[in-house]
Amino acid sequence: MTAVQEDLRTLAEQAGRDLEDASALSVLTWAATTFGGRFCVTSSMEDAVVAHLASRAFPGVDVVFLDTGYHFPETIGTRDAVDAVMDVNVITLTPRQTVAEQDAEHGPKLYERNPDLCCALRKVKPLEDGLSGYDAWATGLRRDESATRANTPVVGWDEKRRKVKVSPIARWTQDDVDAYVAEHGVLTNPLLMDGYASVGCAPCTRRVLAGEDARAGRWAGRNKTECGLHG
């Protein structure tokens, strides 16, 4: 780890303690003030809550979206709507290979045979490349989403990427999200109104059943709960 990265890590750990009880907007204002143009928001376009919050703290903020080639049309439509109506700069990242090129090299439907490799190729590597120009990135992770996210810090150190990771709505509940969406008229993915509680790539996402947690519809039936972006 370089001296600069060590300083960033110390900064992140201190901010995580100092901002634990701060509002989401205050957390994002801190990130914008601290990092300026070397800060971005990542969005799956499940909703635009964090992008909207960030636009209030940092108008014109970069919002990074991963187009895996497997998204629902509704997700692409949400991205386009966010780009059109919000004060943000949407940046779309794509994998090195198209779906057809990946199929030719690895065989069709890699997501069925080796979902971890598919996620690595179509999500993890493109994001690592896309974040190379930033010192800090924001996510929409929430502690109530699943057991794997229960200890998400508001500000922490992303050891894998050696960057500051900001999760301004980590302490929010789904009710908090719904209230913010209603108050500010924030764009959301239409699939959230059609039984989907978490929206990922179409082949690996299903509607959730009553009593299931929000991410139960992701990679259902497999021993997989995360794509590798956050763990």
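Let's start in H3, where Val49, Val50, Ala51, His52, Leu53, Ala54 and Ser55 are buried, buried meaning under 20% relative accessible area with a 1.4 Å probe and protein chains only. The model you are looking at is predicted, so local features need pLDDT of at least 70 and side-chain atom pairs count only at pLDDT 80 or more, while totals for chains, interfaces and linings use all residues. Residues are numbered from 1 along each chain as its sequence is written, and side-chain values use heavy atoms, with hydrogens and water left out.

Helix H3 spans residues 49–57 and is mostly covered, with seven of its nine residues buried. Helices (H or I, at least four residues) and strands (E, at least two) are DSSP runs numbered from the N terminus. What lies over the buried part of H3? The cover includes helix H2 (24–35), strand S1 (39–42), strand S2 (61–66), strand S3 (88–93) and H8; contact here means heavy atoms within 4.5 Å.

Next, let's visit a pair of helices. The axes of H5 (residues 99–106) and H7 (residues 115–130) come within 12 Å and cross at roughly 140°. Such axes are lines fitted to C-alpha atoms, for helices over the stretch in contact, and the angles run from 0 to 180 degrees between N-to-C directions. H5 and H7 are therefore oblique to each other, oblique being what remains after roughly parallel (under 35 degrees), roughly antiparallel (over 145) and roughly perpendicular (65 to 115). On the H5 side, Val99, Gln102 and His106 meet Leu117, Cys118, Leu121 and Arg122 of H7. Sorted by class, this contact has four nonpolar, two polar and one charged residues. Ala, Val, Leu, Ile, Met, Phe, Trp, Tyr, Cys and Pro count as nonpolar, Asp, Glu, Lys and Arg as charged, and the others, Gly among them, as polar.

Cys118 also leads us to an annotation. An unreviewed UniProt entry lists Cys118, Cys119, Cys201 and Cys204 under "binding site". These residues are spread over 87 residues of sequence, yet they cluster in space, with a largest C-alpha distance of 10.9 Å. Cys119 lies in helix H7 and is buried, at a relative accessible area of 7%. Cys204 is found in the segment after helix H8 (174–184) and counts as buried at 15% relative accessibility.

Finally, the unreviewed UniProt entry places the feature "domain: Phosphoadenosine phosphosulphate reductase" at residues 44–206. Over residues 44–206 the chain is 37% helix and 14% strand, and the end C-alpha atoms are 16 Å apart.

Definitions and conventions. UniProt positions renumbered as here; feature names shortened; annotations may be inferred. Buried < 20%, exposed > 50% of the residue type's maximum accessible area, 1.4 Å probe, protein only.
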